[in-house]
Amino acid sequence: MTAVLHKYEITKGLTPEKLRMILEDLGPTFIKIGQIMSMHSDILPKRYCDELMKLRSDVKPMPFSEVSEVLEESYGCSWGAIFREINEKPLGSASIAQVHKAVLKDGSPVVIKVQRKGIYGIMARDIALLRKAVRLLPPVSIKGMVDLDMVLGELWDVTREEMNFLTEAANMEEFARKNEGIAYVGFPVLYQEYTTIHVLVMEYIDGFNIDDKETLLANGYDLKEVGSRLADHYMKQVMEDGFFHADPHPGNLRVRDGKIIWIDMGMMGRLTERDREYIALAVRGVAVNDVGLIQEAVMALGEFKKNPDPSRLYEDISSLLTKYGTVDMGQIDVAEVMMDLMEVMKENGIIMPHGLTMLARGLTHMEGVLADIAPEINMVEIAAGRIKENIIRNFDWKKELKSGGKTLYRAVQRALDIPVLVSDAVQGYLKGQTKVNLDLHASPELARLLRRMVQNIVMGLWVMALLISSSIICTTDMKPKIWGIPALGAFGYVIAFGIVMYVFLKHLFSKK
């Protein structure tokens, strides 16, 4: 670790590019840390998040002999008892696992995801060492920009989930249930009977890469239709299911037999119904340029490191909307809006829940895919359309009328109480029993102005008091004398003159 930091001259400063290269050189655990940090646009500067999104997942593959050991330990028998053959060359190799193409005994083509041997112990050791290293970092570093303890805690939680392939298998089954019956959506078949904590077996998906435009066009696909269905389905995952793919980059999306196939369910995001309601409120706020709606959503969804200043938050969101106020809704980049909003939240000490940071990452990947295959498609329009559709479909007249009736009843009751409350307040005032508590908040500029005014008034009173008292002393025959006048009076004049010059010079230099 010391050698890598020395290689990149960390003492001369840290840039986004330098941080990415350091993490890549340090290995799988550190690459994973960078990927977690890239999801935290609410606490890490946007330029760092954008650079860390480029971190490569591919690492040196483990030998096939180790793959065989993991398979035999998981199944308790030779892998030849289950698979007819396994391609020794991996399809891909990541920090936690690698993937091989294989064929089952019945001839079915499958993909085997095999966990790296001993990876749990390696990751646990590296994270424990990093926790100790964080305490030694100087305050002038990335430590001042991001809560590294939080990142390491989240890394360990996410990594433990990813290292349990039964969790990914459960994700695949849940995704299949929620999307069953959608004609243009597909997913790999899970072979649950061959899946263990360390091994995952699923259907082999051939098809075409979703960003392989030439091949798609040559096979009769309409790129705009593919992009539109992809975006609409992703919004369906987010707004209706609250269970969405958090890593929808082109490598995890295929097109086969007229269907968009979603693969690799290791990283999935979840949103509660309340989260989805406020996200819809924020989207509506952007669409109608309403600062109040966005502020309400942010205050409801965020976790606060400190008490936020509502007036500053309102001004920051207003400035953000000014950027998009003259832009047609069809031209808005939803991922850019999300990133800008998280930057505002970071400046106001607001942290978003893990589900929303994963959504920001997913939207960024989704915008990248759409920009490549169908740049004319805009996710804000699709999201707004789905929100309207949900409102119409799920609108409950009885519930709304009942809720409205209760609200009206409470409002009438409170209105009837107003005359009594006013009468009590007036009687209390006449008896001298009423107190009024004011909690005034001034902006920093106004506070400085008031402080300067008070200081100048106090200085003026001092000068006036010194001049009057010195003049009175000078009418007496008090000794000792200087220049024919009492010394005490002369001393008072000198002090008064000094105060006047101090105030004058301070005012002169402050204007400059």
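Which residues lie nearest the centre of the largest pocket? I started there. Val99, His249, Gly251, Asn252 and Asp264 lie nearest the centre, and 42 residues line the pocket.

**Ground rules.** I noted that this is a predicted model, where local features need pLDDT of at least 70 and side-chain atom pairs count only at pLDDT 80 or more, while totals for chains, interfaces and linings use all residues. Residues are numbered from 1 along each chain as its sequence is written, and side-chain values use heavy atoms, with hydrogens and water left out.

**Entry: the pocket.** I looked up the pocket rule: on a 1 Å grid over the protein atoms alone, a pocket is an open set of points where a 1.4 Å probe fits, with protein on both sides within 12 Å along at least five of seven lines. Lining residues have an atom within 4 Å of a point. The largest pocket holds about 1,200 Å³ of space. That volume is the space filled by probe spheres set on the points, which are joined across faces, edges and corners.

I then listed the elements that give two or more residues to the lining: helix H3 (28-38), strand E2 (92-93), strand E3 (97-104), strand E4 (109-115), helix H8 (165-178), strand E6 (199-203) and H15. Helices (H or I, at least four residues) and strands (E, at least two) are DSSP runs, numbered from the N terminus. H3 gives the largest share of the lining, 4 residues. By class I found 17 nonpolar, 13 polar and 12 charged lining residues. Here Ala, Val, Leu, Ile, Met, Phe, Trp, Tyr, Cys and Pro count as nonpolar, Asp, Glu, Lys and Arg as charged, and the others, Gly among them, as polar.

**Entry: H15.** I checked this helix for length. H15 covers residues 354-373, 20 residues in all, and spans 29 Å from first C-alpha to last. The expected value is 28 Å at 1.5 Å a residue, taken as 1.5 Å times one less than the number of residues. Is H15 enclosed by the rest of the structure, or open? H15 is largely enclosed, because 15 of its 20 residues are buried. Buried means under 20% relative accessible area, exposed over 50%, and partly exposed in between (1.4 Å probe, protein chains only).

**Entry: aromatic pairs.** Rings of Phe, Tyr and Trp (its six-membered ring) pair if their centres lie within 6.5 Å; planes under 30 degrees apart count as stacked, over 60 as edge-to-face and the rest as tilted. I get 7 aromatic pairs by this rule. Tyr234 and Phe244 are edge-to-face, because their planes stand at 80 degrees, with ring centres 6.4 Å apart. Tyr234 lies in helix H10 (residues 223-241) and Phe244 in strand E8 (residues 243-245), so the pair ties together parts 10 residues apart in sequence. Tyr234 is buried at 0% relative accessibility. Phe244 is buried too, with a relative accessible area of 0%.

Tyr234 also pairs with Trp262, and that pair is stacked: 6.1 Å centre to centre, 15 degrees between the planes. Trp262 is in strand E10 (residues 259-262), 28 residues from Tyr234. Trp262 is buried, like Tyr234. Which residues do ring pairs link into a cluster? They are Phe175, Phe187, Tyr234, Phe244 and Trp262.

**Entry: charges over rings.** The rule I used asks for NZ of Lys or CZ of Arg within 6 Å of the ring centre and within 35 degrees of the ring normal. Lys101 has its charged end over the ring of Tyr204, 4.3 Å from the centre. Lys113 has its charged end over the ring of Phe165, 5.4 Å from the centre.

**Entry: backbone exceptions.** Most residues other than glycine have a negative phi, and most peptide bonds are trans. I found positive phi at Asp257, near 55 degrees. Asp257 is in the loop between strand E9 (253-256) and E10, and is exposed at 69% relative accessible area. Asp264 sits in the loop between E10 and strand E11 (268-270), partly exposed at 32%. The peptide bond from Lys479 to Pro480 is cis, with omega near 0 degrees. Pro480 is in the loop between helix H18 (444-474) and strand E14 (481-482).
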